[in-house]
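Subject: Structure handover

Hello,

Please find the structure below, with the sequence alongside. My notes on what was found in it follow.

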Amino acid sequence: MGVAPRIQMNWSGTGFESFLDHWRSLKAGKDVPDWHDWQPADLVPLLGSVNAISVVDGGKDFLFRVYGTRHVDSLDIEMTGKSVGDMTDRARSQRSFALYRQVFLSRLPHCTFYRIEAMDSLALKYSRDHVYLLRLVVPFTTGSGEVDRLLGYGEPVTTAMLDSYFGPSRPPDDTVACVR
């Protein structure tokens with residue numbers, strides 16, 4: 001797995017900005033914040049779109065400790081207590097694994113986006129304008145110094161929103177990119 005490209009994003013005024021700014025505030029001079037410093041009450045408006053993930057066996061798999069209710073409602077699946085390897089949609093499983101693995105290895109926030117049309121359950125629930133699912137994942141440690149927890153945030157976005165977030169640096173669909 002190669003090094004992900006670094007991108008500058010303009011998430012001003014969005015859930016993505018709140019999510020990333022909160023993670024950065026928890027770092028407190030460390031490269032990766034401690035999981036115990038994160039409090040769900042700090043991100044109440046976003047919680048339905050958040051996944052709490054444990055790193056399994058040194059990054060060989062990832063376990064969903066909490067799978068946000070908006071994800072459950074949107075995808076018609078409940079993944080709390082299940083691993084990425086348990087996903088029945090192989091393309092989604094591979095996409096998620098690649099994103100989580102990159103965050104685990106690099107110790108940095110990463111994002112990815114892909115077209116909703118590729119996932120029928122989402123296509124039926126969002127307007128034609130919301131054609132992408134944008135995901136942001138950040139690393140945490142539980143004190144060992146190793147990344148052993150991840151927190152993910154995702155929501156459907158329009159093409160215009162995606163263009164405004166990335167500007168001219170927008171990578172191709174399905175790219176996993178490091179967020180500056």
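**Ser96 and helix α3**

Ser96 is found in helix α3; helices here are DSSP runs of H or I with at least four residues, strands are runs of E with at least two, and both are numbered from the N terminus. This is a predicted model, in which local features need pLDDT of at least 70, side-chain atom pairs count only at pLDDT 80 or more, and totals for chains, interfaces and linings use all residues. Residues are numbered from 1 along each chain as its sequence is written, and side-chain values use heavy atoms, with hydrogens and water left out.

Ser96 has a relative accessible area of 1% and is therefore buried. The terms are set as follows: buried is under 20% relative accessible area, exposed is over 50%, and partly exposed is in between, with a 1.4 Å probe and protein chains only. Apart from neighbours within four places in sequence, Ser96 is in contact with Val84, Met87 and Arg135, where contact means heavy atoms within 4.5 Å.

Ser96 is one of the buried residues of α3; the others listed are Arg92, Ser93, Arg95, Leu99, Tyr100, Gln102, Val103 and Phe104. The 17 residues of α3 should span 24 Å at 1.5 Å a residue, and the end C-alpha atoms are 24 Å apart, so the two values agree. The expected span is 1.5 Å times one less than the number of residues in the helix. Just after α3, Arg107 takes a positive phi of about 65°.

**Salt bridges**

How many salt bridges does the structure hold? There are four, each being a side-chain nitrogen of Lys or Arg within 4 Å of a carboxyl oxygen of Asp or Glu. Three of them are described here, beginning with the one that involves Arg107.

Arg107 and Asp31 meet through their side chains in a salt bridge of 3.0 Å, N to O. This pair links distant parts of the chain, 76 residues apart: Asp31 lies in the loop between α1 and β2 (50-56), and Arg107 in the loop between α3 (90-106) and β4 (110-115). Asp31 is partly exposed at a relative accessible area of 45%, and Arg107 is partly exposed at 22%.

Another salt bridge joins the side chains of Asp21 and Arg24 (4.0 Å, N to O). Asp21 and Arg24 are about one helical turn apart because they are three residues apart in helix α1 (residues 15-27). Asp21 has a relative accessible area of 39% and is partly exposed; Arg24, at 36%, also counts as partly exposed.

Asp57 forms a salt bridge with Lys60, with the closest N and O atoms 4.0 Å apart. Both Asp57 and Lys60 are exposed.

**Strands**

β2 and strand β3 (residues 61-67) run antiparallel and are joined by six bridges; two strands pair if DSSP finds at least two bridges between them. Val56 stands opposite Asp61 in β3.

β4 pairs with strand β7 (residues 177-179) in the antiparallel sense over two bridges, with Cys111 opposite Ala177 in β7. Five of the six residues of β4 are buried, so this strand is mostly covered.

Leaving out neighbours within four places in sequence, the residues in contact with Phe19 include Leu43, Leu46, Val50, Leu136 and Tyr153. The C-alpha atoms of Phe19 and Asp42, 23 residues apart along the chain, are separated by 9.6 Å.

**The chain as a whole**

The protein chain has five helices and seven strands. From the N terminus on, the elements run β-α-β-β-α-α-β-α-β-β-α-β. Of the 180 residues, 51% are buried. Among contacts with a separation of 6 or more, 61% are between residues 24 or more positions apart.

The mean pLDDT of the chain is 79, and 77% of residues reach 70 or more; pLDDT is the predictor's confidence in each residue, from 0 to 100. Among the elements, helix α4 (residues 120-123) has the lowest mean pLDDT (51), and β2 has the highest (91). Where pLDDT is low, the predicted coordinates should not be read in detail.

Regards
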